[in-house]
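Here are my notes on this model, point by point. Please read them with the coordinates open.

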Amino acid sequence: MKYRVIIEQDEDGIFVAEVPSLPGCISQGETRVEALTNIQEAIEAYIESLKAHNEPIPPSIDEEIVEVAV
């Protein structure tokens with residue numbers, strides 16, 4: 001499954017990762033790579049919790065990125 005992850009660097013230099021379609025699914029890391037690794041683990045745990053509580057799992061996304069020369 002694929003989920004959109006938004007990563008922003010906070011004022012202390014920590015990278016914060018959030019998954020908009022999974023409310024409260026947030027993680028962080030000292031680097032972007034670490035934040036991505038941590039949010040992947042958080043997503044897996046979040047989905048396992050949804051399954052354990054018989055809650056619906058939000059659908060996977062399918063998107064394309066188009067680059068244009070300006």
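Is proline 23 buried or exposed?

1. **Proline 23.** Proline 23 is exposed, at a relative accessible area of 60%. The classes used throughout are buried (under 20% relative accessible area), exposed (over 50%) and partly exposed (in between), with a 1.4 Å probe and protein chains only. Proline 23 sits in the loop between β2 and β3. Its C-alpha atom is 9.6 Å from that of tyrosine 46, and the two residues are 23 residues apart along the chain.

2. **Basis of the values.** This is a predicted model, in which local features need pLDDT of at least 70, side-chain atom pairs count only at pLDDT 80 or more, and totals for chains, interfaces and linings use all residues. Residues are numbered from 1 along each chain as its sequence is written, and side-chain values use heavy atoms, with hydrogens and water left out. Helices (H or I, at least four residues) and strands (E, at least two) are DSSP runs, numbered from the N terminus.

3. **Length of α1.** The helix has 21 residues, which at 1.5 Å a residue should span 30 Å. The expected span is 1.5 Å times one less than the number of residues. The end C-alpha atoms of α1 are 30 Å apart, in agreement with that value.

4. Which residues of α1 are buried? They are Ala35, Ile39, Ile43, Ile47 and Leu50. These residues lie on the same side of α1, because they cover an arc of only 105 degrees around the axis. The arc is that of the directions from the helix axis to the C-beta atoms. An α-helix has 3.6 residues a turn, so residues three or four places apart point the same way. The face turned away from the buried side carries the exposed residues Val33 and Ala52.

5. **Cover over α1.** The cover on the buried residues of α1 includes β2 (15–18) and β3 (26–29). Serine 27 is a residue of β3. Serine 27 is buried, with 16% relative accessible area. Leaving aside neighbours within four places in sequence, serine 27 is in contact (heavy atoms within 4.5 Å) with Phe15, Val16, Ala17, Asn38, Ile39 and Ala42.

6. The structure holds 2 salt bridges. The criterion is a side-chain nitrogen of Lys or Arg within 4 Å of a carboxyl oxygen of Asp or Glu. One of them joins glutamate 48 and lysine 51, at 3.8 Å from N to O. Both residues lie in α1, 3 residues apart, or about one turn of the helix. Glutamate 48 is partly exposed at 49%, and lysine 51 is partly exposed at 46%.

7. **Salt bridge between segments.** Glutamate 63 pairs with arginine 4, and their closest N and O atoms are 2.4 Å apart. Glutamate 63 is in the segment after α1 and arginine 4 in the segment before β1 (6–9), so the bridge ties together parts 59 residues apart in sequence. Glutamate 63 is partly exposed, at 43% relative accessibility. Arginine 4 is partly exposed too, at 41%.

8. **Asparagine 54.** Please check the backbone here. Just after α1, asparagine 54 takes a positive phi of about 55 degrees, and this residue is other than glycine. Asparagine 54 counts as exposed, at 71% relative accessibility.

9. **Methionine 1 and isoleucine 57.** Methionine 1 lies in the segment before β1 and is exposed at 65%. Beyond neighbours within four places in sequence, methionine 1 is in contact with Ile57, Pro58, Pro59 and Ser60. Isoleucine 57 lies in the segment after α1 and is partly exposed at 30%.

10. Where is valine 66? Valine 66 lies in the segment after α1 (32–52). Valine 66 is exposed, with a relative accessible area of 68%. Val66, Val68 and Val70 form a nonpolar surface patch, with about 400 Å² of accessible area together. Patches take residues with over 30% relative accessible area and no salt bridge, joining like charges within 9 Å and nonpolar side chains (Val, Leu, Ile, Met, Phe, Trp, Tyr) within 5 Å. Accessible areas come from the Shrake-Rupley method with a 1.4 Å probe, and for residues only the protein chains shown count as cover.
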